[in-house]
Amino acid sequence: MNWLVYAILGVVLAGASPVFAKSGMRKSNAHLAAALRGTILFFAAWFMAGITKSGVPLDKLGKTTFLYLIFAGIATGIVWVCLLRALQLGDVIKVVPVLEGSIILDLVVGMVVFRDAITWNKIIFIIILTAGVVMMALRNSGRGGKRGNWIGYGLAAMILTSVTVALDRIGIVGVNSYGERLIQYGIAMVVVWIITFATGGYKGLRSMSFLDGVYLCLSGLCTGGAWYCFFYAYLLGKNSTVEIIECFDLVAAVMLGCVFMRERTTLRSVFGMILMMLGFILMLMDIPVIPF
C-alpha cells in the first residue's frame, strides 16, 4: 500500500480505539476493562517488537534502565485505569483532548527540569494547545457524560503520560522504541491485573456481556493496528508529513464519537479542536526558532 493509505488508516484506527473502549464499559468496571484492553496492547507490542526485530533480552538491560522501565510501566498501567475510568464517566470528545494535553506538560517539563531552550515558539505552542484543550474539555456536557466527574481521572492520565516521557529521557537508554514499549507494557499489564484483583474488579466478568468484551478487544487491536500502519507510513513516506497526519487522530476520535456515540459538540469545542490541530502542526513545521 501507499504510505498515505497507511497513515490515514492509522489515524482512523487510533481515533476508533477510545470509542470502542467506551462502548465496552456499558456493563463492566474500568479496572477490568483496562486489564483486558491492556492485555491486548501487550500482545500488540509483542507483535510490533517481533516484526521490527527490536526485542531486548532482559539480561542485557542495565540495572538503571530496567528500573526506569519498571517505573514507566507502573505509570502506564495507572494511565490505562484512569483513562478508561475517564471514558466511562465522560465523553470521548472531551477526554481525548485532555490526554493529548500531555504534550503541553512535556514542553513545560523539558524547559523547567531538563533545561531545554526556552523559545517564543514553545511558549506560543503551549498557549495555543492549552486554549484548545480547555475549550474542548470544558464545553457543556453531552449525552452520556457526567459533568466534572471525569476530569480528575483525565488529568491524572495526562500527568502520568507526561511522567513516562520524562522517565524515558532520564534513564531509559539503549532500547529501541518498540522493545521499550514491549517491556513497559508487560509491566503495565501486570500492574493493572493486580489492581483489578485487589479492588475486586475481576468480579465484573460475571456481568460483562460478550459484546463488551469484543469492544474492549477491538479497542486494543485498533491501537496495535495504528502502530502497525504508522510504522509502515514512516518507513515508506516522508517522516515530517506523516507526523502531521498522525496528529489528526484527535479529529478522527471526535468525529467517531459524534457519529457512533451520539456525543454532542458545540461551536466552542470545534474551535478548540482547530486550535489544538494548529498547535500540533506548528510544532512539527520547520519554523525558525525565535529566542526568548
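R169 lies over the face of F114, with 4.3 Å to the ring centre. R181 is placed likewise over the face of W227, at 4.3 Å from the ring centre. A charge sits over a ring if NZ of Lys or CZ of Arg is within 6 Å of the ring centre and within 35 degrees of the ring normal.

The model is predicted: local features need pLDDT of at least 70, side-chain atom pairs count only at pLDDT 80 or more, and totals for chains, interfaces and linings use all residues. Residues are numbered from 1 along each chain as its sequence is written, and side-chain values use heavy atoms, without hydrogens and water.

**Aromatic pairs**

The structure contains 14 aromatic pairs. Rings of Phe, Tyr and Trp (its six-membered ring) pair if their centres lie within 6.5 Å; planes under 30 degrees apart count as stacked, over 60 as edge-to-face and the rest as tilted. Two of the pairs are tabulated here.

| Pair | Centre distance | Plane angle | Class |
|---|---|---|---|
| F43 and W46 | 6.0 Å | 15 degrees | stacked |
| F47 and Y228 | 6.1 Å | 35 degrees | tilted |

F47 belongs to helix α2 and Y228 to helix α9 (residues 210–236), so their pair ties together parts 181 residues apart in sequence. F43 and W46, by contrast, are three residues apart in helix α2 (residues 30–51), and are therefore separated by about one helical turn. Helices (H or I, at least four residues) are DSSP runs, numbered from the N terminus.

F47 has 47% relative accessibility and counts as partly exposed; Y228, at 29%, also counts as partly exposed. Buried means under 20% relative accessible area, exposed over 50%, and partly exposed in between (1.4 Å probe, protein chains only). Ring pairs link F47 and Y228 with Y6, Y178, F231 and Y232 into a cluster.

A nonpolar core is a set of buried Ala, Val, Leu, Ile, Met, Phe, Trp, Tyr and Cys residues joined through side-chain atoms within 4.5 Å. The largest has 60 residues, and L84 and L250 have the most contacts inside it. Helix α2 gives the most to this core, 11 residues. A second, separate core of 10 residues includes A7, A226, A233 and I245.

Beyond its neighbours within four places in sequence, L250 is in contact (heavy atoms within 4.5 Å) with V96, P97, E100, M273, M276, M277 and F280. E100 is in helix α4 (residues 92–100).

E100 is buried yet has no salt bridge, a term for a side-chain nitrogen of Lys or Arg within 4 Å of a carboxyl oxygen of Asp or Glu. The nearest side chain of opposite charge, R37, is 11 Å away from E100; Lys and Arg count as positive and Asp and Glu as negative, while His and the chain ends are not counted.

Notes. Helices (H or I, at least four residues) and strands (E, at least two) are DSSP runs, numbered from the N terminus.
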